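Hi,

Here's the structure I promised to pass along.

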Amino acid sequence: MGKEPSASEVLVARELAYYERIKAYLLTEGHARKWILIKGDEVMGLWPSYDEARAALRERFPGQVLLLKQIVEKESVLKCGYNKLCRS
């Protein structure tokens, strides 16, 4: 049997699920390409750049596990094969 997910993995999965539930709303509100910080089922803030969002994460939530993600309409997927190099 596989290994149990860590507490951090469980939290991030919960936050990703919450993001998926609110993504359409965020896009209709004009937040595409912004960076969102989510803790549990709560949006902690939105920033126009990764650097600003990362700084806020470090300053406001040191040592905590939160989801920091760019709001995009379509997620990019990295495809790899055993006999091929990964390409984005």
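Predicted model: local features only at pLDDT ≥ 70, side-chain atom pairs only at ≥ 80, totals over all residues.

Below is what turned up on the nonpolar cores and the salt bridges.

Cores first. The largest nonpolar core has ten residues: W35, L37, M44, W47, A53, A56, L57, F61, L66 and L68. The elements that each put in two or more residues are β1 (35–39), β2 (42–47) and α2 (50–60), with α2 giving the largest share, three residues. Apart from this core there's another one of eight residues, including Y18, I22, L26 and L67.

Now the charged side chains. The count comes to four salt bridges. One of them pairs D41 with R14 at 3.4 Å, N to O. That pair ties together distant parts of the chain, with D41 in the loop between β1 and β2 and R14 in helix α1, 27 residues apart. D41 is partly exposed at 39% relative accessible area, and R14 is partly exposed at 42%. Shared partners join R14, R21 and D41 into one network.

E75 itself is partly exposed, at 33% relative accessibility, whereas K23 counts as buried because its relative accessibility is 12%, under the 20% cut-off. K69 is buried too, at 14%. Besides E75, K23 touches V72 and E73.

Cheers

Methods: Residues numbered from 1 in each chain as written. Heavy atoms only, no water. Core = buried A, V, L, I, M, F, W, Y, C linked by side-chain atoms within 4.5 Å. Buried < 20%, exposed > 50% of the residue type's maximum accessible area, 1.4 Å probe, protein only. Helix = DSSP H or I, 4+ residues; strand = E, 2+ residues; numbered from the N terminus. Contact = heavy atoms within 4.5 Å. Lists of a residue's contacts leave out its neighbours within four places in sequence.
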